[in-house]
Amino acid sequence: MCGVQLLPALKTHFGYSAFRPLQEEIVRDALAGRDVFALMPTGGGKSLCFQLPALLRDGLTIVISPLISLMKDQVDALQASGVAATFLNSALDGNQARQRLRGLYDGEFRLLYVAPERLMLESFLEKVRAWNIAQIAIDEAHCISEWGHDFRPEYRELSKLRELLPDVPLMALTATATERVRADIVRQLKLREPRIYVASFDRPNLTYRVVPKTAPYEQLFNFLKERPNDSGIVYCASRKAADTVAAKLNADGISAKAYHAGLESGERAHNQEAFLRDDVRVVSATIAFGMGINKPNVRFVVHYDLPKNIESYYQETGRAGRDSLPSECVLLFSAGDVAKQTRFIEEKSENEARIAREQLRQMVHYAETRECRRTTLLRYFAEERPNEPCNGCDNCLNPPETFDGTIAAQKFLSCVLRIQQKSGFAFGLNHIVEVLTGADTEAIRQRAHNELSTYGIGRELKREAWQALGRELLRLGLVEVAPGKFATLQVTAAGRAALRERTLITLTKQPDKPEARVKQRAGEIECDEALFEDLRLVRRNLADERNVPAYVIFSDVALREMARQYPTTPAEFRRIPGVGEQKLKDFAEPFLAVINEYLRDHERRNFVAAAAPLAQRPLNDSEHETLRRFQKGESIDQIARARGFVRGTILGHLVLAAEAGVPLTTAQFFEPAQEHEIAAAFQRAGTRNLTGLRDDLGGKYEVAELRLFRALAARQN
């Protein structure tokens, strides 16, 4: 079995000419009868790992899936590709169920989708033992672990599978699991010497942004107005918010439906179906919506409120861009949301509260970090990436400005120490901020904190600015959360050393207004947009005839490739990704007819193989000011001192100026010997890993200087 030719089978059944990372290895292990654990991100192609082996060997593959809607979607898509697949669940009437059971006894099907609670019924297991079972695939396997973010008690019964069906190989698949959850899944399912595959958690087609939350509905509405043809999900913290957002959007002419546990199950199913079929553009939902949503062309996910933890945030943003086309993930963030969640946490038991506080701290760290957001997310899952811009998050595309925050940080650290010396124990962030800003509260008077030397020394900053500064010092390791039930702060050894030695402390400027739309569209498939729209209409009509979502016919990727390559014969159509033998037979004629008709009235356009250059955003006021001073003759260090920024920020402004086409040259910044040295290093090692390059050059140059050299050299070339 291991010697089977997989690529021809992949093209025949699914229309693809190459595997995604790890798919081929997992398929070969499955065909060899081994137990497998596969951790692959949403959109990474998990389903194919058990679907293709099911078509290449005798017997039935049982797929355990938690959601009825997901089962139907998967089976519809498989049947459209000519695969003999079915499902059994409570949505079927008695006659339908009996007919499918007869087919299972007669060996008509290669794949059966079933819920865990049905599979584990003794009466159903008796039937299963009579069938020729080749493999059991457990999708959303993190649901079996109490440490997972979406534990489901019914999944726990699956731990009995090994003893009930000892000879059947198992495959466990999930999109999100920490190391602890991975180990728990393997233990619970009693996997035998499993082959463990962990793909990268990186989703390079997603752009991550955090926007200061000021007027959330207006911000959302403006975001949607700029994307009139895109569909997506808006996640809200409460059912009421989900209902309100949907109602407002509909009143403003944007089709939307709410989805949450408070709706009748029929209405929930109807709203989900309307979204899957592109009848509505937007679903405003609580976290009840999403697991297993198989809609590949979700172009954006907006978090209207702050998620409770990083794992949920990753899972929810992962519903965007499953087709690998560029998609956006936007988080509206405010200190008010943090305070709201903190109040909820205080109502929990001590142990639950401790865990929830740590999860919230990690989420706030992500929202407020000035480093690459992709790096922060991946680090949570114990994955490191090169220390260089990802060009797919706001912090890399538009780096936040930094400033010399030494004095402000010293005030904060001193205040924490004075309060603790006075009272003998630590206090929380809000109390420290009230002392700094000179608030007249009963708590301050009662403890005589208005008599401290640090009382009122921070009146020059707003309360919100001090709160953000405190959280940043926490991230920098200068303060820490003290042990105990309440989230109180104490100065660390590093913080005391910084105070004692008057160390320079660089802090981040808080943005005054929401960031403009990121126009980055890396990975976009450039095509004839007018033809693409015509093909979407054909797809919609075919989907309606078959009573399936549009993406079951073809993905947006396939349509864009058609509108790029202009296939006019069945042989050319077969080369489009996603066109297997069954879809060639069923759909070539209507799509080719539209393409040929389009070409009678329109010229073919030539699209270059490489992606078009990315449009650079215009410089903002702060960057213009740096450029003005530099062109006037001020040095980088002079500009940094005059503007209160660190040197790296000024260099960053000049990088953006070079990328925007301002005529700057390497000679304005580097001596001839330096130019030669850096150019030779780039020649040897390439231009990607600037941190490694800095080390190769003996630390003589900052990463920001190397980035500037790279931008200037690219512009000159």
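Trp131, at 7% relative accessibility, counts as buried. The model is predicted: local features need pLDDT of at least 70, side-chain atom pairs count only at pLDDT 80 or more, and totals for chains, interfaces and linings use all residues. Residues are numbered from 1 along each chain as its sequence is written, and side-chain values use heavy atoms, with hydrogens and water left out.

**Aromatic pairs**

- The count comes to 17 aromatic pairs, where rings of Phe, Tyr and Trp (its six-membered ring) pair if their centres lie within 6.5 Å, and planes under 30 degrees apart count as stacked, over 60 as edge-to-face and the rest as tilted.
- The ring centres of Tyr105 and Trp131 are 5.6 Å apart and the planes stand at 75°, so this pair is edge-to-face.
- Distant parts of the chain are linked by this pair, 26 residues apart: Tyr105 belongs to helix H5 (residues 94-105), and Trp131 to the loop between helix H7 (122-130) and strand S5 (133-138). Helices (H or I, at least four residues) and strands (E, at least two) are DSSP runs, numbered from the N terminus.
- Tyr217 and Phe221 form a stacked pair, because their ring centres are 6.2 Å apart and their planes lie at 15°.
- Both residues of that pair, Tyr217 and Phe221, are buried; they lie in helix H11 (residues 216-225), four residues apart, about one turn of the helix.
- One aromatic cluster is formed by Phe201, Tyr314, Tyr380 and Phe381.

**Charges over rings**

- Lys248 lies over the face of Tyr217, at 5.0 Å from the ring centre; a charge sits over a ring if NZ of Lys or CZ of Arg is within 6 Å of the ring centre and within 35 degrees of the ring normal.
- Arg373 lies over the face of Tyr366, with 5.5 Å to the ring centre.

**Helix H15 against helix H16**

- The axes of H15 (residues 335-345) and H16 (residues 350-368), lines fitted to C-alpha atoms over the stretch in contact, come within 10 Å and cross at roughly 170°, on a scale from 0 to 180 degrees between N-to-C directions.
- H15 and H16 are therefore roughly antiparallel (over 145 degrees).
- Val338, Gln341, Thr342 and Ile345 of H15 meet Ala353, Ala356, Arg357, Leu360 and Val364 of H16 (heavy atoms within 4.5 Å).

**Helix H1**

- In helix H1 (residues 6-14), the buried residues include Leu6, Ala9, Leu10, Lys11 and Phe14.
- Gly15 follows H1 and has a positive phi, near 85°.

Terms used:
Angles under 35 degrees count as roughly parallel, over 145 as roughly antiparallel, 65 to 115 as roughly perpendicular and the rest as oblique. Buried means under 20% relative accessible area, exposed over 50%, partly exposed in between (1.4 Å probe, protein chains only).
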